[in-house]
Amino acid sequence: MPLSSHLLFPSYPKEDQLRHQHEIEVAVQRVVRSGHYILGDEVGAFEAEFADYLGVRHVIALASGTDAIEVMLRAHDIGPGDKVVVPCFAPSAVAAGIHRSGAALLLADVEADMFTICPEALESVLSTSEGHGVKAVLAVHLYGQPVAWERLQKIAADHGVLLLEDCAQSHGALWRDRPTGTLGRAAAFSFYPTKNLAALGDAGAVATNDDELAGRLRLIRQYGWRERYLSDQEGVNSRMDEMQAAVLRVKLPALDENVSHRRQIATHYVVRLGSCHALRMPVTRMHCEHAFHQFVVRSSRREALLQHLHSRKIPAAVHYPAALHQQAAFRCDHAFPVSEKLAAEVLSLPLHPWLKAEAISTVCEALEEFDHG
Ligand SMILES: Cc1ncc(COP(=O)(O)O)c(C=O)c1O
């Protein structure tokens, strides 16, 4: 008998929790009994373990990925009067983090096949008068696809601006054998429950090799306190709590294996669906390892396809239905044709490490049926 939809397609946060349930309960109980709930031993241990995993000197644990963007910019003294360039096709959380720092947003179009910020578009944004006042570029490794780091870095260096990473979707991705999150001066991470490395609530971090920057990040995350109740500079409250750190410590050792499962499922989709005319498969940048936070296909018949999949109880989704400039909060006069096209065409197929072969076959059969219909 076929499994019902929620058994065939279990939600990732729930399934990820179930896989580690016993260890998580032990870890949470340890925290409950410790009497220490914010910035304690668990946070310190997670920071050290995640830094070790990435191969960086410092990880500063924070309360969310949006905070990580804000605090990372503030620690570089980027704020009101400054501009930060971001890809126009990105989740609005990216823009929210920049807004909270006080800096203004400047948008650049993306590469159609890669989904990440387009080097030529960045060059042209930085070369116009609009580019005056740009302090940084936030490169988002969207869906787990590493950005064109080398080219972006050259452009950023030529224009004297900082290149920072947003790794909220790229835990486990590699750019030329180097983990994303270690490529530039600093990188922002989210551990929101749907992420490749997922807490059971909000959590985030900044990774850096720069000792001085790490010191500033630590001050800013807690009211700018040099010591208790004495603030050296303006700060925020963005502390990771002990429970989230304890959960992340349980899950971190499984990250690479889980990302490897994601890649296997992605390969299966690409091989099986490669000849479907209605679909354009995602590609992985040369010399990179994709982390497949999302497996995103493109179709000019996206709405019909979505309906077709939903009618078969397949939880396909759209990440994201509008580019940043198409949303009321971030509207601007420019056209960003690639981002607009992607917003109309992208569709995420179910993919997470715990998806069984039967679920993947069900998705493929439904897509083949759509293609032949
Ligand atoms: C690319 C990207 N950046 C930043 C964020 C913000 O992370 P958080 O939800 O933890 O605030 C997200 C989360 O959705 C994201 O996908």
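Where does D177 lie? D177 sits in the loop between strand 6 (174-175) and strand 7 (178-179). The model is predicted.

**Backbone geometry**

Most residues other than glycine have a negative phi, and most peptide bonds are trans. D177 has a phi near 70°, a positive value in a residue other than glycine. F292 also carries a positive phi, about 45°, and is not a glycine. F292 belongs to the loop between strand 12 (288-289) and strand 13 (295-298).

Is D177 buried or exposed? D177 is exposed, because 8 other C-beta atoms lie within 10 Å and 12 or fewer count as exposed. F292 is buried, because it has 30 C-beta neighbours inside 10 Å and the cut-off for burial is 20 or more.

The peptide bond between H319 and Y320 is cis, with omega about 25°. Y320 is part of the loop between helix 12 (302-311) and helix 13 (337-345).

**Helix packing**

| Helix pair | Angle | Axis separation |
|---|---|---|
| Helix 3 (residues 21-34) and helix 10 (residues 242-251) | about 150° | 9 Å |
| Helix 5 and helix 6 | about 40° | 8 Å |

Take helix 3 and helix 10. Their axes meet at an angle of about 150°. Helix 3 is therefore roughly antiparallel to helix 10, since angles over 145 degrees count as roughly antiparallel. The crossing of helix 3 past helix 10 is right-handed. On the helix 3 side, the contact uses E23, I24, A27, V28, R30 and V31. Helix 10 meets them with E242, M243, A246, V247, R249 and V250. By class, this contact of helix 3 with helix 10 has eight nonpolar residues, four charged and no polar ones.

How many of the residues of helix 10 are buried? The count is eight of its 10 residues, so helix 10 is mostly covered. The buried residues are E242, M243, Q244, A245, A246, V247, L248 and K251. They pack against helix 3, helix 4 (41-54), strand 1 (58-62) and helix 11 (255-273). E242, M243, A246 and V247 are among the buried residues of helix 10, and these four are also among its contacts with helix 3.

Now helix 5 and helix 6. They pack at about 40°. Helix 5 is therefore oblique to helix 6. Their crossing is right-handed. G65, T66, I69, E70, L73 and R74 form the helix 5 side of the contact. The helix 6 side is A93, V94, A96, G97, I98, R100 and S101. The contact of helix 5 with helix 6 divides into six nonpolar, four polar and three charged residues.

**Ligand surroundings**

Which residues are closest to the ligand? They are G65, T66, A93, A168 and S190, in a shell of 14 residues. Helix 5 (65-75) and helix 6 (92-101) each contribute at least two residues to that shell. By class, the shell has six nonpolar, six polar and two charged residues.

G65, T66 and A93 are among the closest to the ligand. G65 and T66 of helix 5 also take part in the contact with helix 6, as does A93 on the helix 6 side.

Note on methods:
Residues numbered from 1 in each chain as written. Predicted model: local features only at pLDDT ≥ 70, side-chain atom pairs only at ≥ 80, totals over all residues. Near = placed C-beta within 6 Å. Nonpolar A, V, L, I, M, F, W, Y, C, P; charged D, E, K, R; others polar. Axes fitted to C-alpha atoms, helices over the stretch in contact; angles between N-to-C directions. Parallel < 35°, antiparallel > 145°, perpendicular 65-115°, else oblique. Left-handed = near helix turned anticlockwise from the far one by under 90°. Contact = placed C-beta atoms within 7 Å.
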